[in-house]
Amino acid sequence: MDNLPNVFTGDAIEAELVTECDARDLGLARCVQLLRDAGLRPTRQRVDLGQLLFLNGHRHVTAELLFEEATAANMRLSLATVYNTLNQFTEAGLLRRIAADGLKSFFDTDTSVHPHFYLEGEDILVDVSEGLSFTKMPEALPGHDIVRLDVVVHLRKAK
Ligand SMILES: [Zn+2]
């Protein structure tokens with residue numbers, strides 16, 4: 001294997017992806033590219049979790065939820081690894097962390113600034129579809145700039 005020119009192995013991998021046209025393989029390739037573009041090495045764990053996160057539309061997940069999905073998909077990962085990976089993705093700009101309550105953070109695959117509903121007791125975070133308006137932003141404290149405004153509207157089931 002070591003005697004093979006790099007060009008050959010490169011071609012072989014590319015050919016496999018193109019001819020297979022398997023959704024999973026194409027997803028894998030997209031995920032590897034996404035990680036590379038964000039400056040992250042595409043390790044097995046990152047690619048596995050990345051596929052759960054980024055190939056299923058816009059999502060809001062907690063570390064616990066993603067850990068459950070990974071376990072159900074036979075990925076051998078610890079909850080700590082899931083936490084670490086989510087934090088690395090957040091630092092690389094692939095996710096946005098939303099603190100919904102004191103204990104739990106959600107990770108949003110839509111990194112734009114947008115308001116959320118948090119369903120208390122159900123542990124669900126969803127986007128607010130209608131626009132919100134604020135009449136006045138406070139002045140930043142001296143020596144500081146406003147970075148962003150996070151809005152989480154807490155909801156509870158009506159009785
Ligand atoms: Zn969101």
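The buried residues of helix H3 (residues 44-54) are Arg46, Val47, Asp48, Leu49, Gly50, Gln51, Leu52, Leu53 and Phe54, where buried means under 20% relative accessible area, exposed over 50% and partly exposed in between (1.4 Å probe, protein chains only). Since nine of the 11 residues of H3 are buried, the helix is largely enclosed by the rest of the structure. Helices (H or I, at least four residues) and strands (E, at least two) are DSSP runs, numbered from the N terminus. The model is predicted, so local features need pLDDT of at least 70 and side-chain atom pairs count only at pLDDT 80 or more, while totals for chains, interfaces and linings use all residues. Residues are numbered from 1 along each chain as its sequence is written, and side-chain values use heavy atoms, with hydrogens and water left out.

The helix packing can be followed from H3 to H5. The axes of H3 and H5 come within 11 Å and cross at roughly 70 degrees. That angle makes H3 roughly perpendicular to H5. Here axes are lines fitted to C-alpha atoms, for helices over the stretch in contact, and angles run from 0 to 180 degrees between N-to-C directions. Angles under 35 degrees count as roughly parallel, over 145 as roughly antiparallel, 65 to 115 as roughly perpendicular and the rest as oblique. On the H3 side, Gln45, Arg46, Leu49, Gly50, Leu53 and Phe54 meet Thr81, Val82, Thr85, Leu86, Gln88 and Phe89 of H5, contact being heavy atoms within 4.5 Å.

Helix H5 (residues 79-91) also packs with helix H4 (residues 63-72), at an angle of about 120 degrees and with the axes 9 Å apart. That makes H4 oblique to H5. Ala63, Glu64, Leu66 and Phe67 in H4 meet Leu79, Val82, Tyr83 and Leu86 in H5.

Turning to the strands, an open sheet of three has the order E1-E3-E2, with antiparallel pairing. E1 and E2 stand at the edges, each with a single partner strand, so one side of each is left without a neighbour in the sheet. Two strands pair if DSSP finds at least two bridges between them. Strand E1 (residues 60-61) and strand E3 (residues 105-108) share two bridges, and Val61 has Phe107 as its bridge partner in E3. Strand E2 (residues 96-99) pairs with E3 over four bridges; Arg97 stands opposite Phe107, and Ile98 opposite Phe106. A hairpin of five residues joins E2 to E3.

The zinc ion is coordinated by His60 (NE2), Asp108 (OD), His114 (NE2), His116 (NE2) and Asp127 (OD), at 2.0 to 2.1 Å. Donors are N, O and S atoms within 2.8 Å of the metal (3.2 Å for Na, K and Ca); water is not among the atoms, so sites may look incomplete. In sequence, the donor residues follow the spacing H-x47-D-x5-H-x1-H-x10-D. His116 in strand E4 (residues 116-119) and Asp127 in strand E5 (residues 124-127) are 11 residues apart, and the pair links distant parts of the chain. His116 counts as buried because its relative accessibility is 1%, whereas Asp127, at 29%, counts as partly exposed.

Strand E4 also holds Leu119, which is buried with a relative accessible area of 19%. Leu119 touches Ile124, Val126 and Leu155, leaving aside residues up to four places away in sequence. Leu119 and Lys157 are 38 residues apart in sequence and 7.8 Å apart in space, C-alpha to C-alpha.
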